[in-house]
Amino acid sequence: MSETDALLEQLRAAAAAFTDSDAHLQRVLETMAADVARARNERLPIFPVIHHSPASAVHMVRWLRERRPKIVFMEMCEDLLALKDDLRDCTLPVALQAFAGETVGFPAAWTPLSVVAPLTEFSAEYQAMAYALQNDDVELIFVDRSVDHVFQWADRSEDPEEPAHDDEDDVDDDEARLHGAAVGIEIGQVAPTFVEFREFLLDNARMSRFEEWTSLYIEEPTIGSTTATYREILFLVGSLFRRLGSTPHDREEIRKRDRFMWTRIKEHLAARDVPPEACVFLCGAAHAVDDDCPEWGLASDARFDIPARTETRWLYGFIPSSYGAIEHQFGHARGAVSLSESRWKKACRTWDIDPFTISRNKKQAKKAKVPKAPAQLSLGVVLSAPPELAEADAEELVQWCTGVVQAARQNRYLASTADAIAIYETSILLARMRSRKRPSPFDFIDAAETCLEKGAPPGRRNIRQLCNRMLGGDRVGQVGYDSLPPLVQDVYDRLAPLGISADTKRITRVLMDFVKHPEKRACSKLLWRLNWLTPGTRVARPIMGELKLGMEPKQESWDVGLHGAEQRAVIQLAFEGVTVEQVLERRLSQAAFGPDARTVTALEAVEGALILLDSPRLTESLGHRSVELLRNELGADDAAEIFERIRRLVHHFRGTAEGLPTWLSDFVATGYAHYATQLPGAFGDRGVRPEQLAAMLSFVFTLESLALAMGCNRSQLVIAIELSAPQTADPEKLGLLWAAEWLVQVRDEEAVRRAFGAILDHPLGRTAFPRYLSGFLQALGFAPRIAPIGVELLGRAFAELPDHVLLPWMPALLGELRPRQADVLPALFKEVGRSLPRDLAGLDRWEPAWMRPAEAPPAAEPAGPELSDGARASRALLLAHRGATDGWAAAFGATGAWTEGDVAPAAPAPVPTGGAASELLARHPASLEAWARSLG
């Protein structure tokens with residue numbers, strides 16, 4: 001009886017113990033046994049692996065040292081092969097990356113496209129690549145579908161870049177997101193995609209994570225077995241998961257990839273004079289068995305009609321990776337990759353395994369050691385006999401228990417030696433409850449969390465995180481200088497004066513004194529450009545110093561980090577250009593000329609070009625683009641930001657020798673006419689907020705002198721404001737409108753006071769008085785002359801409004817004034833200070849101007865009737881000789897005062913001569929002389 005038949009009999013006996021009718025199960029088991037036999041007898045040796053499995057890496061090293069294959073076929077995207085030589089300069093873990101910023105033939109929502117294939121030292125694929133790179137006579141060939149086909153065959157109803165991370169794990173750290181939103185490529189994925197099947201396995205094994213199941217039933221039994229036994233177990237596992245553990249969609253994708261890979265293998269073998277027995281095919285366990293694939297195996301001459309690639313231009317390179325990023329990318333439990341590294345190192349020590357490494361000089365650094373031979377155990381024995389609890393494992397468990405207690409103490413946990421003993425006993429108890437003879441690292445982590453975690457963590461890390469760090473922790477890779485794209489190499493070269501190189505693996509604090517070292521200004525400009533291009537990262541963070549228009553600091557302090565996630569961010573820039581300046585110019589142009597460009601984004605690009613780039617051509621081009629966007633812009637959503645940015649630019653260029661450029665003058669003139677035209681509609685549109693309307697008026701009135709110098713007509717603004725009055729009934733907009741009317745002299749100051757007074761005096765209208773006043777105060781930004789009226793109206797509001805109106809308005813008033821504290825509040829405070837008394841003594845007698853009674857103007861004397869010449873002469877005579885009149889008044893008891901009339905004294909009338917009266921006075925002069933004496 002063959003070994004396969006014996007295995008089949010054991011499986012049938014196990015099936016009979018759990019079911020009465022084993023007809024269907026027998027058929028499945030027979031198929032699995034046939035899969036194992038066919039894969040084992042294939043002319044081209046097939047080596048099944050599991051992603052980042054130490055058992056796979058151990059047996060891969062043994063196979064390569066024993067067989068010395070001439071060609072290594074590997075399940076990896078065929079267009080990533082060009083990157084293999086650049087691995088010599090990298091520190092693992094790193095990831096091979098393919099990136100496409102612009103795509104052809106793919107949905108626009110998928111752009112940009114990115115694929116990563118992470119590598120670790122303890123992965124079988126890395127050991128195979130290192131073996132091939134160390135030996136010039138060995139050829140490495142990637143035979144899996146290209147990255148273009150990865151997206152061609154993806155389901156277009158789903159997002160292919162959605163990572164499959166476990167929702168229960170905390171992935172907030174930067175290292176866990178090193179791969180970004182890229183699609184992960186892994187060799188040897190064994191996790192069943194059929195959810196019910198996976199849950200059935202975990203429930204029966206009393207486990208919560210599939211990595212735990214893999215460790216107990218695949219890793220531990222096979223890492224100490226022979227390579228032949230390891231292969232047969234992986235063939236069996238691959239057949240089981242492919243036929244029972246995969247969904248129909250996944251099985252179809254696996255079958256399509258098998259057809260692609262076997263077609264490529266046959267093409268390469270036909271082109272080379274190498275027998276298949278002198279080669280090896282490295283693939284995942286699911287691809288190692290046949291599932292009605294016509295192209296599978298060399299015995300079949302069938303070839304797959306490989307579809308053509310799209311015209312998408314792909315860029316290739318390396319990015320740093322980490323254990324946390326791998327776990328996050330492929331949905332592994334946190335700490336699973338670190339535990340795999342621990343098992344790998346332990347296996348290398350136990351069996352004297354000398355792993356393959358990639359050195360910069362293609363020669364092996366030293367002669368490889370001969371590994372110890374593993375126990376010669378058959379497939380049936382390995383599957384039926386669980387691993388024994390070795391003394392080394394017991395000592396290791398004790399070290400774990402004492403180590404986590406020590407780490408807990410350092411992180412402010414109240415842990416003691418008794419807790420270490422409790423963790424040890426609980427780990428053994430959990431292992432026995434889960435049908436294990438030795439505690440696994442997962443049992444230890446659960447036991448430590450049970451014994452030590454009593455509530456919220458007192459420090460930054462909880463017990464599970466401490467266990468993961470102690471069992472191996474995270475490791476972040478680094479891409480070497482020679483493997484970096486030209487842009488990143490240029491960044492390192494230009495930052496060399498600051499002591500930053502590709503070997504720097506920490507954040508560097510840099511202090512630059514430009515007075516003593518003016519040559520470092522070039523480094524400062526580069527750091528500011530990197531800071532702008534990589535927002536939200538730690539590539540370049542300014543600690544001291546700022547970059548503004550027209551300002552050159554004397555000193556700056558920076559935190560510079562170009563390792564790990566930060567190095568990946570800079571590498572991503574290399575897919576857009578060959579220098580930082582080229583990428584920056586491209587980003588600025590995209591912001592201004594893109595399909596979603598707005599006026600404010602174009603102005604932001606103009607300001608960025610002025611600050612970060614010395615390119616007048618680019619600045620002028622972006623400026624003219626902003627003028628064009630302003631002409632076509634509707635609404636006032638960005639009016640406030642547009643005004644602030646254009647005001648800064650005007651002030652900046654006015655201080656230069658060249659003065660305002662043409663595009664900026666055109667922008668001001670265009671903005672004046674544009675916003676003046678939109679004022680009537682904005683006042684009547686309920687969707688336009690008063691703040692946006694105030695921003696439009698600020699642009700018009702603040703830049704009015706420059707606009708008028710450019711040929712604009714103020715009558716356009718006056719007409720627009722006059723047309724706006726009937727358009728709005730909103731109280732805040734009316735208050736703003738009254739201020740604008742006062743500025744263009746359509747309404748005088750007293751008319752503004754009367755309008756507010758009428759609202760305040762109206763019993764129903766006073767409840768809306770705060771809204772009128774809020775709108776009026778918003779005009780302080782462009783009309784500081786209304787500050788006296790504003791202070792007066794605020795005083796009247798506080799004095800006359802009832803509490804139920806005033807108190808709810810106060811928070812809103814403060815909230816509206818806070819953003820304008822730089823331009824509105826100083827004018828108000830200055831006016832309040834001017835109106836208050838100078839000393840404390842005058843405070844008791846002080847009262848605001850609006851409470852003082854108005855002084856009535858002097859009444860004009862009513863005009864009398866027109867006087868004749870004789871009357872005027874008599875009036876003048878009485879005024880000249882007031883004694884007679886005063887005497888008569890005293891005789892009659894009358895009182896009064898003389899007043900000057902409007903009629904000027906007339907010249908004395910000539911005394912008439914001749915006539916009867918004259919003759920009578922001439923004959924009797926005594927009477928006339930008596931009157932003369934009495935008149936004095």
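The model is predicted, with a mean pLDDT of 81 over the protein. The protein has 936 residues, of which 49% count as buried, and its secondary structure comprises 37 helices and 11 strands.

**Confidence in the model**

- A pLDDT of 70 or more is reached by 83% of the residues.
- Residues 163-172 have a pLDDT below 50, and this stretch makes 19 contacts in the model beyond near neighbours in sequence.
- Residues 902-907 also have a pLDDT below 50, with seven contacts in the model beyond near neighbours in sequence.
- Where pLDDT is low, predicted coordinates should not be read in detail.

**Overall fold and surface**

- Contacts between residues at least 6 apart in sequence were considered for the protein, and 75% of them join residues at least 24 apart.
- The accessible surface of the protein is about 46500 Å².
- Carbon and sulfur atoms account for 54% of that accessible surface.

**Helix α3**

- Helix α3 covers residues 54-67, a run of 14 residues.
- From the first C-alpha of α3 to the last, the helix reaches 20 Å, close to the 20 Å expected at 1.5 Å a residue.
- Of the 14 residues of α3, 12 are buried, so the helix is largely enclosed by the rest of the structure.
- The buried residues of α3 are P54, A55, S56, A57, V58, H59, M60, V61, R62, W63, L64 and R65.
- The cover over these buried residues includes the strands β1 (46-49) and β7 (279-284).
- Helices also contribute to the cover of α3, among them α4 (124-134), α7 (210-223), α8 (227-243) and α11 (336-351).

- E576 is located in the loop that runs between α19 (565-573) and α20 (580-593).
- Leaving aside residues up to four places away in sequence, E576 touches V583, R586 and R587.
- E576 and G101 are 475 residues apart along the chain, yet their C-alpha atoms are separated by 8.0 Å.
- T450 belongs to helix α15, which spans residues 441-452.
- T450 counts as exposed, because its relative accessibility is 54% and the cut-off for exposed is over 50%.
- The C-alpha atoms of T450 and I463 are separated by 9.3 Å, the two residues being 13 apart along the chain.

**Salt bridges**

- The whole structure contains 42 salt bridges.
- K548 and E546 form a salt bridge in which the closest N and O atoms are 3.7 Å apart.
- Both partners of this pair are partly exposed: K548 has a relative accessible area of 46%, and E546 has one of 40%.
- R714 and E704 meet through their side chains in a salt bridge with an N to O distance of 2.6 Å.
- This pair links distant parts of the chain, with R714 in helix α27 (residues 714-724) and E704 in helix α26 (residues 704-709), 10 residues apart.
- R714 is partly exposed at a relative accessible area of 30%, whereas E704 is buried at 9%.
- R753 forms a salt bridge with E792, with 3.0 Å between the closest N and O atoms.
- E792 counts as buried, because its relative accessibility is 17% and buried means under 20%.

**Nonpolar surface patch**

- V832, L836, L840, L843 and W846 form a nonpolar patch on the surface.
- Together, the residues of this patch have about 440 Å² of accessible area.
- L843, one of the patch residues, is found in the loop between α33 (825-835) and α34 (869-880).
- L843 has a relative accessible area of 42% and is therefore partly exposed.

Note on methods. Residues are numbered from 1 along each chain as its sequence is written. This is a predicted model: local features need pLDDT of at least 70, side-chain atom pairs count only at pLDDT 80 or more; totals for chains, interfaces and linings use all residues. Side-chain values use heavy atoms; hydrogens and water are left out. Patches are made of residues with over 30% relative accessible area and no salt bridge: like charges are joined within 9 Å, nonpolar side chains (Val, Leu, Ile, Met, Phe, Trp, Tyr) within 5 Å. Accessible areas come from the Shrake-Rupley method with a 1.4 Å probe; for residues, only the protein chains shown count as cover. A salt bridge is a side-chain nitrogen of Lys or Arg within 4 Å of a carboxyl oxygen of Asp or Glu. Helices (H or I, at least four residues) and strands (E, at least two) are DSSP runs, numbered from the N terminus. Buried means under 20% relative accessible area, exposed over 50%, partly exposed in between (1.4 Å probe, protein chains only). pLDDT is the predictor's confidence in each residue, from 0 to 100. Contact means heavy atoms within 4.5 Å. The expected span of a helix is 1.5 Å times one less than its number of residues.
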